[in-house]
Amino acid sequence: MTLSAVEIDKSDETAHTVICRFQGRIEAEGISSIWKAMAQEMETPGLQEVVLDFHQTTYLDSAGIAMLRTIERLCAGKNITLSTRNIPNGVEEFLGYIRTHSTEHREEPTFALPGPVSRVGAWSLEKIEEGSALLRFVGDFVYAMAANFFHPEQLRLRETLYQIQIVGSEAMPLVFGLSFLMGIIMAFQAATTLRNFGSPIYVADIVTISTTREMAPLLTAVIIAGRSGAAFAAEIGTMKVNEEIDALTVMGFDITRFLVLPRVMALMAAGPLLTLLANAAGILGGASVALVVLKVSVVNYFAQVNQILTGADIY
């Protein structure tokens with residue numbers, strides 16, 4: 001194997017020309033010595049031209065190609081003319097490809113921030129698109145509901161009951177636990193003030209009204225949206241990514257009636273039932289505080305609850 005080497009000829013000193021004749025195999029193992037010699041010659045004062053002769057070169061790998069590209073860049077930076085002799089055809093074609101597709105010749109894309117009018121317009125168009133999509137969804141859902149009302153045999157009853165089980169019964173422990181704790185917190189806050197006035201029994205009024213009118217429906221809605229709504233969105237989104245929805249559409253299924261309607265009806269059925277459970281759990285939480293902390297009997301507590309609570313509060 002012929003080792004890589006370079007012979008440097010400075011015979012043309014009047015023209016400030018250096019001729020570099022490469023010998024042997026120009027590869028990664030021996031390229032460092034060639035590069036040191038070339039870099040030293042490139043620093044010659046007044047150098048105007050560098051000629052690379054590959055007549056005695058038997059092999060040239062990617063490291064040699066990289067060295068040639070580095071020499072080209074260095075000559076371009078120093079305004080030195082670079083020419084080649086007897087370069088192999090494949091190497092010349094590859095160098096031409098690199099020069100053409102080099103990233104240094106590509107102009108960096110420029111990004112300009114849109115003006116305030118453009119931002120307002122883009123935001124308006126985005127909101128209009130979202131609103132139109134929401135209207136289309138509501139229209140499709142109302143149409144599917146009306147169609148099932150006139151043709152109840154088309155309702156996917158088993159799927160709807162299954163979704164009610166997921167949305168309703170499986171969420172009962174979470175709804176009950178959070179509402180119970182919320183009732184305890186509200187009772188403790190009320191007890192701190194009412195004990196000073198000698199009216200601990202009114203803890204039942206505060207807990208009952210706050211729970212039925214505000215806290216229980218709000219807490220239930222948050223749980224349904226965060227637990228069931230997010231699960232539905234993830235499930236249908238996965239079906240969209242896996243192209244299952246496209247397959248159902250091709251098979252002639254109405255996606256709104258097939259996928260959306262059972263889930264929305266399950267939410268509509270389970271929501272009020274979970275709210276009633278949350279009402280009861282919050283009132284029980286207040287009763288536990290009234291019994292343990294305020295020493296109010298359970299009978300008196302629920303008698304006060306029965307006196308203050310009306311159907312309008314629950315509604």
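## Model and confidence

Strands here are DSSP runs of E, at least two residues long, numbered from the N terminus. By that rule, C20 belongs to strand β2, residues 17-26. The model is predicted.

Mean pLDDT for the protein chain is 82. Of its residues, 89% reach 70 or more. Confidence is lowest in helix α3 (residues 89-101), with a mean of 63. It is highest in α9, at 91.

Strand β2 runs parallel to strand β3 (residues 49-60), and nine bridges join the two. In this pairing, R25 stands opposite Y59 of β3. Between β2 and β3 the chain passes through helix α1 (residues 31-42), and this β-α-β crossover is right-handed.

β3 also pairs with strand β4 (residues 81-85), again in the parallel sense, over five bridges. Here V51 has S83 of β4 as its bridge partner. The link from β3 to β4 goes through helix α2 (residues 62-77), and this β-α-β crossover is right-handed.

## Around C20

Is C20 buried or exposed? Its relative accessibility is 1%. Buried means under 20%, so C20 counts as buried. A37 lies 17 residues from C20 in sequence. Their C-alpha atoms are 9.7 Å apart in space.

C20 is also one of the residues that L52 touches.

## Nonpolar cores

Nonpolar side chains tend to be buried together in soluble globular proteins. The largest nonpolar core in this model has 20 residues. Which of them touch the most other members? They are F22, I26, M38, V50, L52, F54 and M67. β2, α1, β3 and α2 each give two or more residues to this core. The largest share, five residues, comes from α2.

A second core is separate and has 17 residues. Among them are A190, V207, L294 and V305.

## Helix α4

Helix α4 covers residues 116-150, 35 residues in total.

F141, A144, A147 and N148 of α4 are buried. An α-helix has 3.6 residues a turn, so residues three or four places apart point the same way. The cover over the buried residues of α4 includes α9 (255-292). α9 is also where confidence is highest in the protein chain.

Key
Residues numbered from 1 in each chain as written. Predicted model: local features only at pLDDT ≥ 70, side-chain atom pairs only at ≥ 80, totals over all residues. Heavy atoms only, no water. Helix = DSSP H or I, 4+ residues; strand = E, 2+ residues; numbered from the N terminus. Buried < 20%, exposed > 50% of the residue type's maximum accessible area, 1.4 Å probe, protein only. Pairing = 2+ DSSP bridges. Right-handed = clockwise from strand over helix to strand, strands pointing away. Expected span 1.5 Å × (residues − 1). Contact = heavy atoms within 4.5 Å. pLDDT = per-residue confidence, 0-100. Core = buried A, V, L, I, M, F, W, Y, C linked by side-chain atoms within 4.5 Å.
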